[in-house]
Amino acid sequence: MFIYSPKVKALSLSQLYNSLENANNVHVSSFVPDSEKPVQEQWVSRSFKMNISKIHDIITLVDINSKSKTIKDLTTGSINTQMISQELASDTEYSINRSLGLIPFYSISNIPPDAEWNKVTDSQNLEENTEIYELSYISDTFGDAVFIKMRYILKADTDLPIKVESYRKLPNESEYTLNGFKTIDYLSNEDFVSFKNNYFKDEK
């Protein structure tokens with residue numbers, strides 16, 4: 001099993017998985033380094049079994065209950081709705097019920113045995129009521145070893161991440177380089193419905 005560095009009242013990786021999987025409505029914005037605008041946004045509602053994604057001017061709603069996908073072009077205002085297969089609906093539901101890509105492994109059983117999960121206690125950028133954890137592991141997906149470090153800034157009272165930073169380092173490099181980061185907001189049912197209706201007023 002992966003290496004865990006015990007700390008007093010430290011959050012375990014299993015607890016992080018559980019916290020993410022129990023969040024009802026989540027908004028994830030993905031950024032590349034030095035960008036002010038997200039390259040992709042995702043709104044997930046487990047309460048309503050919906051997944052909304054936005055890339056550039058295209059926003060897509062997948063409604064698992066109605067087995068439908070609606071694509072809206074925000075530039076032209078055009079809307080196209082089509083039915084989806086039961087397989088795609090099931091795959092979407094499985095996806096949104098997991099860790100939303102914030103942890104690079106579907107479940108804790110998929111984590112490499114040499115991975116390390118540590119609480120960071122010496123950060124100078126620690127905001128009030130937040131904690132920082134790091135997941136470090138080696139990826140060799142393409143045959144070459146790459147050192148990966150995921151940094152999680154969590155709200156201490158909810159154990160939920162509000163920002164996730166991804167770093168990478170090649171074997172011949174001495175320092176990690178920021179590869180991208182995500183910010184996370186947690187919405188009420190009312191907030192999610194209000195957002196959805198702003199773009200898809202006729203979709204139930």
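Which residues does Leu135 touch, not counting residues up to four places away in sequence?

**Entry 1, the model.** I note that this is a predicted model, in which local features need pLDDT of at least 70 and side-chain atom pairs count only at pLDDT 80 or more, while totals for chains, interfaces and linings use all residues. Residues are numbered from 1 along each chain as its sequence is written, and side-chain values use heavy atoms, with hydrogens and water left out.

I looked up contacts, meaning heavy atoms within 4.5 Å. Leu135 touches Leu13, Ile103, Pro104, Phe105, Ala115, Glu116, Trp117, Ile148, Lys149, Met150 and Tyr152, with residues up to four places away in sequence not counted.

I then looked up nonpolar cores, sets of buried Ala, Val, Leu, Ile, Met, Phe, Trp, Tyr and Cys residues joined through side-chain atoms within 4.5 Å. Buried means under 20% relative accessible area, exposed over 50%, and partly exposed in between (1.4 Å probe, protein chains only). The largest nonpolar core has 33 residues, and Leu16, Leu135 and Tyr152 touch the most other members. Two or more residues each come from α1 (13–21), β2 (25–31), α2 (86–96), β9 (130–139), β10 (146–155) and β11 (160–169). Helices (H or I, at least four residues) and strands (E, at least two) are DSSP runs, numbered from the N terminus. Strand β10 gives the largest share of this core, five residues. I also found a second, separate core of eight residues, including Ile52, Ile59, Leu61 and Phe195. In soluble globular proteins, nonpolar side chains tend to be buried together.

**Entry 4, salt bridges.** I counted a salt bridge where a side-chain nitrogen of Lys or Arg is within 4 Å of a carboxyl oxygen of Asp or Glu. The count comes to four salt bridges. I wrote down three of them, as follows.

Glu93 and Lys49 meet through their side chains at 3.3 Å, N to O. Glu93 is in helix α2 and Lys49 in the loop between β3 (40–45) and β4 (50–55), so the pair links distant parts of the chain, 44 residues apart. Glu93 is partly exposed at 26% relative accessible area, and Lys49 is partly exposed at 34%.

Arg151 pairs with Glu134, the closest N and O atoms being 2.5 Å apart. Glu134 counts as buried, at 13% relative accessibility.

Lys163 and Glu165 form a salt bridge at 3.5 Å, N to O. Lys163 is partly exposed at 27%, whereas Glu165 is buried at 13%.
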